[in-house]
Amino acid sequence: MFVHFIDTSVLLNIIDVPGRNQQHEEVMEELISLTEKKKENALVLPFATIIETGNHIAHCGDGGKRRKAAEKFSMCLEKTINNQAPWQYYGNQLTEKDLQEICREFPDFAMRGEGFGDLSIIRAYQKYKDETPAIHKIRIWSVDGHLKDIYEETIEPIKLRN
């Protein structure tokens with residue numbers, strides 16, 4: 001199974017949020033390709049992606065476009081809740097240990113211009129990878145340069161002794 005953790009940059013393109021949708025067509029083509037091969041791919045929507053996407057939508061300058069994007073986003077989340085979306089929600093809350101780790105790493109991330117949300121998505125990706133045994137490959141699906149192609153790995157299966 002190849003797991004694709006959906007980054008905010010991808011969800012913004014799926015929702016087609018004005019000013020944040022420069023790669024809408026490419027993202028939609030990849031989404032269609034991934035969903036056509038459901039048995040080989042799993043799409044995961046982390047909590048931080050939802051929060052960041054909602055914040056970006058709320059800051060759209062044009063009220064009409066903001067409303068349209070907010071409605072589409074709400075429908076998208078309703079489909080997620082009802083298992084009708086092409087992805088599954090991953091909302092394991094951050095533990096105190098997770099927050100400690102994020103706080104330790106955040107100053108270096110901030111100096112590179114990377115946000116707390118990105119770090120939260122990375123932490124969720126790591127937790128999911130550690131907690132889910134049937135993964136062969138996992139990545140953060142992003143169009144942002146600082147995440148794209150960096151968080152992708154193949155996981156060797158655990159060999160059991162006879």
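Biologist: Let me start with Asn 83: does that residue count as buried or exposed, and at what relative accessibility?

Modeller: This is a predicted model, so keep that in mind as we go. Asn 83 has 69% relative accessibility, and because the cut-off for exposed is over 50%, the residue counts as exposed. You'll find Asn 83 in the loop between helix 4 (63-81) and strand 3 (87-90).

Biologist: Which phi does Asp 16 have?

Modeller: A positive one too, about 70 degrees, and Asp 16 isn't a glycine either. Look for Asp 16 in the loop between helix 1 (8-15) and helix 2 (24-36). With 30% relative accessibility, Asp 16 counts as partly exposed.

Biologist: Let's move on to helices. How do I read a pair of packed ones?

Modeller: Two packed helices are described by the angle between their axes and the distance between the axes.

Biologist: At what angle do helix 5 and helix 6 cross?

Modeller: Helix 5 (residues 96-111) and helix 6 (residues 116-131) cross at roughly 135 degrees, and their axes come within 10 Å. Angles have to be over 145 degrees to count as roughly antiparallel, so helix 5 and helix 6 are oblique to each other. This crossing is right-handed. On the helix 5 side, the contact includes Asp 98, Glu 101, Ile 102 and Phe 106, while Phe 116, Arg 123 and Lys 127 are among the residues from helix 6. The contact divides into six nonpolar, one polar and six charged residues.

Biologist: You named Lys 127. Is Lys 127 buried or exposed?

Modeller: Lys 127 counts as buried because its relative accessibility is 13%, and the cut-off for buried is under 20%. The Lys 127 side chain makes a polar contact of 2.9 Å with the side chain of Asp 98. Beyond its neighbours within four places in sequence, Lys 127 also touches Tyr 90, Asn 92, Gln 93 and Thr 95.

Biologist: And which residues does Phe 116 contact, leaving aside its neighbours within four places in sequence?

Modeller: Those are Ile 102 and Phe 106. Phe 116 sits in helix 6 and counts as partly exposed, with 35% relative accessibility. Here's another thing to look for: Phe 116 and Glu 52 are 64 residues apart in sequence, but their C-alpha atoms are 10.0 Å apart in space.

Biologist: One last stop, Arg 104. Which side chain does Arg 104 join in a polar contact?

Modeller: That of Glu 101, at 2.3 Å. Arg 104 is in helix 5, and at 56% relative accessibility Arg 104 counts as exposed.

Notes: Residues are numbered from 1 along each chain as its sequence is written. This is a predicted model: local features need pLDDT of at least 70, side-chain atom pairs count only at pLDDT 80 or more; totals for chains, interfaces and linings use all residues. Side-chain values use heavy atoms; hydrogens and water are left out. Axes are lines fitted to C-alpha atoms, for helices over the stretch in contact, and angles run from 0 to 180 degrees between N-to-C directions. Helices (H or I, at least four residues) and strands (E, at least two) are DSSP runs, numbered from the N terminus. Angles under 35 degrees count as roughly parallel, over 145 as roughly antiparallel, 65 to 115 as roughly perpendicular and the rest as oblique. A crossing is left-handed if the near helix is turned anticlockwise from the far one by less than a right angle, and right-handed if clockwise. Contact means heavy atoms within 4.5 Å. Ala, Val, Leu, Ile, Met, Phe, Trp, Tyr, Cys and Pro count as nonpolar, Asp, Glu, Lys and Arg as charged, and the others, Gly among them, as polar. Buried means under 20% relative accessible area, exposed over 50%, partly exposed in between (1.4 Å probe, protein chains only). A polar contact is a pair of N or O atoms within 3.5 Å; within protein, one must be able to donate a hydrogen and the other to accept it, and residues adjacent in sequence count only if both atoms are side-chain atoms.
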